[in-house]
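I opened a new page for this chain. I wanted its overall build before looking up a single residue.

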Amino acid sequence: MIDVIVVGAGPTGLWLAAELRLQGVGVLVLEKETEPAPYVRALGLHARSIEVMDQRGLLDRFLAHGRTHPLGGFFAAISRPAPEELDTAHGYVLGIPQTTTERLLAEHAVAVGAALRRGAAVVGLEQDDDAVTVELADGSRLRSRWVVGCDGGRGPVRRLLGVAFPGEPTQVETLLGEMEVGVPAETVAAVVAEVRKTQFRFGLGRLVEDGPYRVVVPAAGVSEDRATPPTLEEVRTQLRAFAGTDFGVHSPRWLSRFGDATRQAERYRVGRVLLAGDAAHVHPPTGGQGLNLGLQDAFNLGWKLAAAVRGSAPDGLVDTYEAERHPVAADVLVNTRAQMALMGTDPGARAVRHLVAELMGFDDVNRYLTEKITGLGVRYDLGEDDDLVGRHLRDVKLTRGRLYELLHGGRGLLLDQTGRLAVAGWADRVDHVVDVTEELDVPAVLLRPDGHVAWVGEDQQGLDRSMTRWFGRCAARS
């Protein structure tokens with residue numbers, strides 16, 4: 001029997017598979033498509049996702065294939081510099097095409113032992129108290145202890161579970177594609193700069209030097225079937241409507257359309273089947289949050305599900321995945337919908353946009369919205385008063401090096417500046433590091449495998465209670 005089947009080989013599914021393998025769990029990833037998608041949807045990683053890659057020792061691979069950009073101007077495309085001294089060592093955006101991100105994540109997942117099967121479409125699910133039976137389109141059936149649907153907003157897993165997907169329907173639609181243009185680059189740049197003074201859902205630009213142009217333009221209306229791509233003539237018509245020229249576009253590599261619907265799964269778990277990434281939530285791409293949100297779903301779920309497979313999970317641990325991640329996605333749905341409204345062209349939208357731009361001149365407002373977009377502002381409600389508990393911990397400098405270098409193994413970590421605490425009984429799950437840093441004004445901090453703070457203090461009994469809560473019973477008492 002397989003430990004975990006992950007349905008979907010997008011960024012969320014691949015990252016989840018790698019996180020599960022890091023904990024020694026057997027994983028099979030099923031992907032209906034026979035080849036990776038050739039087109040680029042998401043364009044980069046925000047600061048919290050960059051931290052996540054650093055925590056697993058993968059960041060150098062991503063930096064080698066991307067370009068760093070200043071962190072600013074991401075909220076509704078309002079031009080503001082990033083606030084100073086954000087709570088991260090990675091205060092930038094990493095521009096990297098989703099195709100490259102998926103390739104790197106697939107290489108990583110396979111390298112750590114995940115099995116990846118392409119051309120395997122899931123058509124049925126049945127579960128009992130012990131396992132889930134997955135039926136594939138070719139008639140074969142697989143048995144797994146757990147299944148996670150990372151198969152996107154239109155994937156089968158949520159539908160097969162019968163989980164409702166309430167939310168707001170699409171109000172505006174956008175055309176997207178990669179193609180060649182028939183005019184000089186200087187002409188493109190000049191026209192785009194003029195159009196974007198008033199139309200923020202418009203753009204033409206190259207992702208790589210000498211590559212095709214990525215074209216983004218509002219559609220004429222909302223199509224009945226967004227799964228059907230637009231025609232090149234439809235793109236030309238809309239370019240002429242907004243820019244007065246179609247730029248001589250030709251030879252499209254791919255064409256697509258997307259709406260601004262915001263929907264969220266009513267539940268993230270039904271028995272032994274869970275949902276993550278776009279299978280659990282869909283929203284407009286404003287702010288570039290979608291891929292990042294899915295990666296952080298997987299980062300939250302991986303270690304918890306692995307503990308359940310191993311039998312070491314404390315009661316309710318897997319359910320904390322929904323309790324923690326559902327509110328985060330709900331907030332993204334709200335802020336993306338708000339950004340879409342701010343990017344409108346009617347007089348009311350322009351007036352509100354002007355006001356928000358003024359407010360972002362205040363550092364506290366700019367910081368709040370920047371942390372929202374980048375994921376740095378996420379704080380899980382762990383029932384503790386200390387403001388640090390539930391938050392990510394930045395990569396602080398220790399006398400022995402960097403904190404994130406100690407998190408590569410995906411274990412819990414006690415950073416003990418007192419030297420008086422112990423993890424006896426949990427040493428198989430939690431590393432004990434006695435070291436000091438000038439960047440933390442607390443005696444000790446307990447980190448979960450996802451880098452979020454579970455406890456701060458210097459009381460051994462309080463520490464023991466927190467380790468029991470997140471890592472299960474003390475081995476000496478089991």
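Predicted model: local features only at pLDDT ≥ 70, side-chain atom pairs only at ≥ 80, totals over all residues.

Next, the chain as a whole. I listed 12 helices and 24 strands. The C-alpha trace spans about 75 × 60 × 40 Å along its principal axes. For 478 residues, a compact globule would have a radius of gyration near 23 Å, and I read 23 Å for the chain, so the two agree.

Then burial and surface. Of the 478 residues, 53% are buried. The chain exposes about 20,600 Å², and carbon and sulfur atoms supply 50% of that area.

I also looked up the contacts with a separation of 6 or more. Residues 24 or more positions apart account for 71% of them.

I found Ala 42 in the loop between strand E2 (27–31) and strand E3 (44–45). Is Ala 42 buried or exposed? Its relative accessibility is 17%, and buried means under 20%, so Ala 42 counts as buried.

Which residues does Ala 42 touch, not counting those up to four places away in sequence? I noted Ile 96, Pro 97, Gln 98 and Leu 291. I also checked Gly 290, which is 248 residues from Ala 42 along the chain. The C-alpha atoms of Ala 42 and Gly 290 are separated by 7.7 Å.

Technical notes
Residues numbered from 1 in each chain as written. Heavy atoms only, no water. Helix = DSSP H or I, 4+ residues; strand = E, 2+ residues; numbered from the N terminus. Buried < 20%, exposed > 50% of the residue type's maximum accessible area, 1.4 Å probe, protein only. Contact = heavy atoms within 4.5 Å. Rg over C-alpha atoms; globule rule 2.2 N^0.38 Å. Areas by Shrake-Rupley, 256 points an atom, 1.4 Å probe, with all protein chains shown as cover.
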